[in-house]
Amino acid sequence: MRWEVIFDNWERLAGGLGTTFQLVALALIIGAALALVVAMARISQNPLLGWFGRGYIFFFRGTPLLVQLFLIYYGLSQFPAIRSSFLWPILREPYWCAIIAFALNTSGYTAEILRGAIQAVPRGQIEAAQALGMSRALTFRRIILPIAIRYGFPAYSNEVILMIKASALASTITILDLMGVTRTLISRTFAVTELFLAAGVIYLVITLLLTRVFARVEARLNRHMARR
């Protein structure tokens, strides 16, 4: 085992890890906003909105993230209309293509989590808000959404961890994230076992830290239950 390879290249691995954090953070923020819209469409009484929500969730949960990433990065460039549009400066960059693919993918999963959490809100809570004269929008903002977030948080924390690990696919479109830097270093040093082991340990440590953070947040969200 050539451990010196890891120590000599730890700055490059740290730089790749920073790119990974950027990709995942932006994808999660954009994906959460999209997920709320899709979840509302999914539970809407309007048939068209309902079909859109179901179709969106079905597609992005039913197809591999790698396929979605390739369709956006390689597929869209095949259309002359895309290459001549105002979107091309964004869609020609692998960094933004990865963020778009990750955001769309996580929004499909998050929308289904939100949908289940919203529908799990006790009917009595909603009726109590209506009895107090709250409008539908105010009821959703002050009653339904906070309770749904508490219900859906454990499942969403798993989605964030899965997104961290799935971000390794960004290296397939030339992005130098943690896995991209690892593969580049392997091609130069041929230290396959050492560098892949280092990358695996880094992902494992990130997962462990996130698990601890999410456990604390979940405990705080449900602190009223602990008192009971």
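The second largest pocket takes the largest share of its lining, five residues, from α9. By pocket I mean, on a 1 Å grid over the protein atoms alone, an open set of points where a 1.4 Å probe fits, with protein on both sides within 12 Å along at least five of seven lines; lining residues have an atom within 4 Å of a point. Helices here are DSSP runs of H or I of at least four residues, strands are E runs of at least two, and both are numbered from the N terminus.

A word on the model, everyone: it is predicted, so local features need pLDDT of at least 70 and side-chain atom pairs count only at pLDDT 80 or more, while totals for chains, interfaces and linings use all residues. Residues are numbered from 1 along each chain as its sequence is written, and side-chain values use heavy atoms, with hydrogens and water left out.

Back to that second pocket. About 260 Å³ of space lies in it, where a volume is the space filled by probe spheres set on the points, and grid points are joined across faces, edges and corners. α2 (10–42), α7 and α9 each give at least two residues to its lining. Among the lining residues are A32, L36, I113, F153 and Y156. By class there are ten nonpolar, two polar and no charged residues; Ala, Val, Leu, Ile, Met, Phe, Trp, Tyr, Cys and Pro count as nonpolar, Asp, Glu, Lys and Arg as charged, and the others, Gly among them, as polar.

Now, the largest pocket. Its volume is about 500 Å³. Of the 15 residues lining it, I43, I118, R136, F140 and I144 lie nearest its centre. At least two lining residues come from each of α7 (94–119), α8 (123–131) and α9 (136–166), and α9 has the largest share, with four. This lining divides into seven nonpolar, six polar and two charged residues.

So how do α8 and α9 sit against each other? Their axes, lines fitted to C-alpha atoms over the stretch in contact, come within 10 Å and cross at roughly 165°. Angles run from 0 to 180 degrees between N-to-C directions, and over 145 counts as roughly antiparallel, so α8 and α9 are roughly antiparallel to each other. Q125, I126 and A129 of α8 make the contact with T139, I143, I144 and I147 of α9, contact meaning heavy atoms within 4.5 Å. That contact has five nonpolar, two polar and no charged residues.

To finish with the whole chain: it has twelve helices and zero strands.

Terms used. Angles under 35 degrees count as roughly parallel, over 145 as roughly antiparallel, 65 to 115 as roughly perpendicular and the rest as oblique.
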